[in-house]
Structures are given as structure tokens and as C-alpha cells.
Amino acid sequence: MLKGRHLIEPGDFQLNEIESIMQLADNIIADPEGYSLVCKGKILASLFYEPSTRTRFSFEAAMLRLGGEIIGFDDPNNSSVSKGESLGDTIRTIECYSDIAVIRHPREGTARLVSKFANEMPVINAGDGGHEHPTQTLTDLLTIRKYKGGCDNHVVGVCGDLLFGRTIHSLVKMLNRYQGVRFVFISPTELKMPAHILNQLDPKTYQEITSLDEVIGELDILYMSRVQRERFVNEEEYLRLKNYYILDKKKMKAAKQDMIVMHPLPRVNEISTEVDEDPRAVYFAQAKYGMYVRMALIAKLLGVEDKK
């Protein structure tokens, strides 16, 4: 069903197709050894034009745990890009050597462009500009399923940098496809959710607010995000906003006992380390689920999801 497809934004897949990825991820978690050879003989091209820890490592770990191999770079200066090679030529060349590619790029729309150059190789968007991050969204959905039993009928608080947060944009658009989800957007006015995302939502399903304390007791899920220094032109503006929200034990006392705290990581100061000990803090488990869901995605796109 998904073999040979590209994943550039979450809307590229239907909900039933996403559910099939979640189910395969569940199966891999239950029996990782059973899937340890499904990608034997396959090669993943890991093309990171922008720094990354979790996303790059989780993709590479995913391919290795499936029995595959990896080629690629994490600095474009170590590739022929530094010699002036065009993106199209880079992708056409890499397709000669690889079965599947994952790309992260600082320029919005690059992943979509790359998919047009790849004739037979599935392309996965690992984040482009401030626009989309679909595999983080799959990670988030798997985490919500594991801790909340499903993605329907939740009050989801999204807190921090809502203007530049590509993980947040992708997640909100995806959760909007589920039943009974209500959003609470918590941000300083300078970093509020952009209009192009709000325009996709029913106004009855969200509220915008600046105070986390005021709403934390209503939330089923609190999705924190950092203020992203790399998206700011003005350093003074970044310094003024970077500590606008800090989640600590005191704030957690007002939250529901079954609320979960998620974060795409890396964090800076927005979640105090004292919260790590709270069983409702699931962001490190979330990072591990990212590896499993990427294993499932790779297997699906290569058409090798059956155990060996």
C-alpha cells in the first residue's frame, strides 16, 4: 500500500495508512528480533543539510536495526554540494546507490523538490525549514497512542514557539484529522500560531492564550517546545522570549494526574530537569518511539514489512 511512496508532509498519507504504520511499529516493539533482517541488502541515504541529533540518529539506528546499511552526510560541506553541484544532480546520483533516502534541509520545500528528482527511490522529509516534520508527527502519534490509548477526544495544549515550530505545525494538522480533538495554543503574541495553520481549523476547536498556568489543569496532553534561536534574526528578541515558559514541579501540581508532557527535543530551559522524574514526563520515551516508528515507515516504503 505504501511501497515506493514519498512522505513529505503528514497529509500525504490517509489515516488508514498511518494506522498501518502504527500497527507495524507496535509489532516491531513487541518482537524487534523478528524484524532485524527485513532490510538486509537495502541502503538508506541519510542526507542532512542541517544539524540534527535525534532525527538523524533515530533514522540511522532504525535502518541498522532492520538489517540495512547507511550512506550519507551530516554536513553538506563534506559532499559535492560544496563544489557547486545542483540538488537535482545530487539526488539523481544518490539514487544510483540507494534504495531509500531521508533528507533534512533548512530551506522550506526542498524535500518536495527532491522527491521530484527521485524516480524510484522513496524520499522521506526529516524536516525542511520551519514548515513540516512528518516523521516527528508519526513519533508523536505513536506516543499518544501508547500513553492515552488513541488520538481521539483529547484537549491538547501546545506551548512555546508556535510561529516557527515545524513539529507543532505538522502535529496540529494531523491531530485535526481525528475526532473530538480540541487545541489550546499557548504562546507569547510574537510567536503565535501562523494564520495558514489556523485557517485549516474550525474556530470552535481551538483557543489562543498567553498563560500556561491558566489552562494546564484542563489539558490531557501538554506539548512543549523550545524557542528556536536559529529561526531568529534579532538576538535580543530571542533572549527576551527564550524563557517565556518554564514548566516546573509547581506548575505540574495543577495538572491532571494522567496528563502527559511531550517535547520533540532538544530542550533548553522550557522544561525544568526536576520534571524528568514525574511519570507524566514522556519525552525521552517519545524519542525512543521515534526510532520504532521510523523502522515501521522504512519497512513500509520499501515493501519489506513481513518478518523474516
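User: Which residues have the most contacts inside the largest nonpolar core?

Analyst: Keep in mind that this is a predicted model. Its largest nonpolar core has 60 residues. Inside that core, the residues with the most contacts are V172, L175, F185 and I298.

User: Which element gives the most to this core?

Analyst: Look at the helix running over residues 283-302. Of its 20 residues, 16 are buried, so it's a mostly covered helix. With 11 residues in the core, the top contributor is α10.

User: How many residues are in the other core that lies apart from it?

Analyst: Among the members of that other core are C159, L219, Y245 and V275. It lies apart from the 60-residue core. Its count is 21 residues.

User: What does α10 reach from its first C-alpha to its last?

Analyst: For the 20 residues of α10, 28 Å is expected at 1.5 Å a residue. The model comes close to that. The reach of α10 itself is 29 Å.

User: Which residues is L175 in contact with, leaving aside its neighbours within four places in sequence?

Analyst: L175 is one of the residues with the most contacts inside the largest core. Contact here takes heavy atoms within 4.5 Å. Setting sequence neighbours within four places aside, the partners of L175 are L141, I144, C151, V156, V181 and F183.

User: Is Q136 buried or exposed?

Analyst: Q136 lies in helix α5, residues 134-148. Leaving out neighbours within four places in sequence, it touches T167, Y223, P264, Q286 and R294. Its relative accessible area is 7%, and the cut-off for burial is under 20%, so Q136 is buried.

User: Which strands stand at the edges of the four-stranded sheet?

Analyst: This open sheet has the order β2-β1-β3-β4, with parallel pairing. Two of these strands have a single partner each, so one side of each is left without a neighbour in the sheet. From one strand to the next, the twist averages 15°. The edge strands are β2 (69-73) and β4 (123-128).

User: Which residue of β4 stands opposite A101?

Analyst: A101 belongs to β3 and stands opposite A45, in the pairing of β1 (residues 43-48) with β3 (residues 100-105) over five parallel bridges. β3 also pairs with β4, in the parallel sense over four bridges. There, the residue opposite A101 is V123.

User: How many of the six residues of β3 are buried?

Analyst: In a regular strand, side chains alternate between the two faces of the sheet. For β3, I100, V102 and R104 on one side are buried, and so are A101, I103 and H105 on the other. The strand is therefore largely enclosed by the rest of the structure, and its buried count is six of the six.

User: Which helix makes a β-α-β unit with β3 and β4?

Analyst: β3 and β4 are parallel partners. Together with a helix at residues 110-117 they make a β-α-β unit, and that unit is right-handed. The helix is α4.

User: Which residue of β6 is the bridge partner of C159?

Analyst: There's also an open five-stranded sheet, in the order β7-β6-β5-β8-β9 with parallel pairing; its edge strands are β7 (206-209) and β9 (260-262). Within it, β5 (residues 155-159) and β6 (residues 182-186) pair over five bridges. The partner of C159 is I186.

Technical notes
Residues numbered from 1 in each chain as written. Predicted model: local features only at pLDDT ≥ 70, side-chain atom pairs only at ≥ 80, totals over all residues. Heavy atoms only, no water. Helix = DSSP H or I, 4+ residues; strand = E, 2+ residues; numbered from the N terminus. Expected span 1.5 Å × (residues − 1). Buried < 20%, exposed > 50% of the residue type's maximum accessible area, 1.4 Å probe, protein only. Pairing = 2+ DSSP bridges. Axes fitted to C-alpha atoms, helices over the stretch in contact; angles between N-to-C directions. Right-handed = clockwise from strand over helix to strand, strands pointing away. Core = buried A, V, L, I, M, F, W, Y, C linked by side-chain atoms within 4.5 Å.
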